[in-house]
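Hello,

Here is the structure I promised to pass on. Please look it over first; my notes follow below.

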Amino acid sequence: MEAGAATATPSGGRSFLERSPVGRLPDRVLKWGLTFLASLILVLIVYFFIRLIGQSQDALSRFGLSFVFGNDWDVSRNIYHGAPLLIGTLITSGIALLIGVPVAVATALFISEICPRRLRTPLGVVVDLLAAVPSVVYGLWGVFVLIPKLLPAEKWFASTFSFIPFIGGGTVTGPNYFIAGLILAIMILPIVSAISREVIASVPSEHKEAALALGATRWEMIRMAVLPYARPGITGGAMLGLGRALGETIAVVLVIGNAPVIGQHLFNQGYSLAAVIANEFGEAQGIHVSALFAAGLVLFVLTLIVNVIARGFVARGDRGRRGTGATGVTIAPAVTEP
Amino acid sequence: MISPEATSKEQTEMSTGGGSAEQTQTVPGGDAAAPDASGQGISVSDLHAYYGQREAIRGLSLDFAANQVTAIIGPSGCGKSTLVRCINRMHEEIPGARAEGSVFLDNQDIYADRIDVTAVRRLIGMVFQKPNPFPTMSIFDNVAAGLRLTGTKGPDLRERVNDALQSVGLWDEVQDRLTAPGIGLSGGQQQRLCIARTIAVAPEVILMDEPCSALDPVATLKIEELMDQLKERYTIVIVTHNMQQAARVSDTTAFMLDGQLVEHAPTNDIFTKPSDERTERYVTGKFG
Amino acid sequence: MSVYVRPPEVLPGISRRRRYTDWVMCGLLGLATLIALIPLGLILYFLVKRGAGQWSGKFFTTDPNGNFLGYPGGIRSALLGSLEIVGLSTVVALPVGIGVALYLVEYGKASRFAGLVRYFIDVMTGVPSILFGLFIYIVLVLSHIGGTFAAWKGAVALALLMLPIVVRSSEVVLLLVPDSLREAALALGAPRWRVVFRVVLPTAGPGLVTGSLLAIARGMGETAPLLFTIATATGLTASLGQPMNSLPTQIFQDITSPRNAVVDRAWGAALTLVVLVLIFNIVARLAARRSRMT
């Protein structure tokens, strides 16, 4: 089976148990080849970071901190203070979390704990299918279905609740923060739901039984035994959803209005870090290009931080288990990658 | 069966131990059917239990006398755990599992059609093999967990938690750290915490499924002493694979084999002069 | 069977309030699940309603560079372009991804280096897709390697995006191959590389296929990495060294067109894209289920 295995020279040669250097070669090649590939990953990320910083230099050195905190993104005057981008990103992601996470967790609880067993897999599959829809299709649907259909309701809402700051009042435009946030909520739903489902499934049954044996109803059992245990994991899932929402480009750029201002009301237009890149990169020149790279850098750092914290939470949820032998939560199963 | 007239007013939990109950007119000191804090007997009648197609309990009938400790012994797989889980209707929580037959708690068949399962479980408590205090709750909250479900609050809640902790002999050890996490206690203390949690809601019966098998001998002894005190107020059923333990703690013992009851007799008789040959072989260690 | 009815003191029900709360909360959770399903239903509904009508022979055999008036053209170059570009990214991402996963499982289980790699892979899954496009733009387009915009550069960007998906799903599958199998092969005297290629990979095969199909489905739907790398090209080209069209970028462009006919085309193209993605997803799931049954 082995190359060069049976050379058995009596004097000073290799015994037939040793493999020849040639025989060992394929193993070595494989090992170092694979190690090289693995280290490629590390190199790539670091290299990306470095090049991105390099390209952002011009804009960052020209505008300094006002790139992030200043409120004046004006292409015609070549002034790039990106607060509208950052604020818009945060607003839309916030809306996405507010709407998406409760629905996702509720779905996860229902599928895992309440609905009949044979419905569990089908329901899970259908919810996960939301992740398969490409973002450009979300954008298409958002522009031609969601925006026109919700406009009357939005107008009614804004005028009826105009006394509430931000949420009410203001002129309602077709594309606006709310629509962007709503679509983002739908887009992060599958990932938050999938992670929550895994976390909920990993709650040891002994705790659920303890609650039931005390005479708890189904909902009381969930409240007593499932939710407190699953909280860190679910929080991690929500943060991963946040990371997804922060970085979503195509759907947002189509429905947020791309107005380089900080919208004062929920139903106003706005901008986001990812949207500005998609929208303006094609025709940008000079310092504008550098500013867009800088926006990408801010986005990168932001999503990086959120993701790192998120994985910390999910890991903490895992460690909270006390040696029950369960396999733990794999973050974002391959089915529902962001 | 809960009569229609009774449900016309707000149905509330009633503790049979003479403690308080919220929103009812119960006179403190007890109600008509249960004059004092003593347990009720359990009567199992022609019970069949299934895991899917497999019949684990095959037509079993057995009486557990009130205020006594009954031990259930038998080799692995004979159905002892299944039996107790049928008594508080936890068996049906397992997917694909079902039970048929009757289990009478003081002449009330808990398997009757309109019986509320959660009510049954409040009256028939369970202590599990592996101590399972709620990991995110403090010692106090663990014991209070069942009480809070029934709306007990404030000083009343505190009093009943303290009572429970005292009854299991934990009070002295934990009184100054009631807010510490429940899982910070030792194994034996955790199990006593679970027992306190179970008795806090004032059940009639306490089922114990191999409660000491995960504990060291010192902790085991403490719990066995506890059982002796608890039987004054509750009916206790203990499943155990440890025959010496059964001999030590129980008043009567039931021997099960292959999902059926072989013999049920006062503990002394079972171990010294069993009437069935299979019992004799088991208790003398010839198998199991 | 109950013998007779006893007064409630013996076996009282739980309070009506608690039963009511249980009923309401469980109902709310079910309602939320229904709400979660509505967007999917609506999207599919409108895709079919507005897109199915666009499907025709002409739709799939003409390029989207029609006249200003009249038929604006079909999606041929976009569809073929997508298949080519994603095909290339798959050829790049699969070997590299499975290779990294192999490294993590076969050689690096406990090492800190492997832990670091795993961490960075996780980081990569969180990177917004547009940043992959930016990266390739900086590295490959700005530097004018092989021209400016080219299909293969977009393919590389997509490959970067698909890579972490392939690595993670492959790692899970490779870990499932029992160590006893490896040991049995090694005990027979097989060298490590043979064990990997003759035992581990074939055993993990179906699972690897599933993970790859899902990664491909993801890659097909991405727009942002292609925006600045393949440039807009409506004509049909086969050359990967030139700008090329793709379904997502074509749809993206068409959405903002003032012409209704073009928007209609976008719906037809979107339906095509979703059908393609769903096919990959469904095949992946069927493959997964079949492999689990063996």
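Two residues are in contact if their C-beta atoms, placed from the backbone, lie within 7 Å. On that basis, 20 residues of chain B are in contact with 17 residues of chain A.

This is a predicted model: local features need pLDDT of at least 70, side-chain atom pairs count only at pLDDT 80 or more, and totals for chains, interfaces and linings use all residues. Residues are numbered from 1 along each chain as its sequence is written, while chains are lettered from A and ligands numbered from 1 in the order in which they are written.

**Chain B against chain A**

Three elements of chain B each supply at least two residues of the side that touches chain A: helix 3 (117-123), strand 6 (124-127) and helix 4 (139-149). Helices (H or I, at least four residues) and strands (E, at least two) are DSSP runs, numbered from the N terminus. Helix 3 of chain B gives the most to this side, with four residues.

**Chain C**

Chain C has eleven helices and zero strands. Its radius of gyration is 26 Å, well over the 19 Å that the globule rule gives for 294 residues, so chain C is more spread out than a compact globule. The radius is taken over C-alpha atoms; the rule is 2.2 Å times the number of residues to the power 0.38. The C-alpha atoms of chain C fill a box of roughly 85 × 65 × 35 Å, taken along the principal axes. Among contacts in chain C between residues at least 6 apart in sequence, 74% join residues at least 24 apart.

Best wishes
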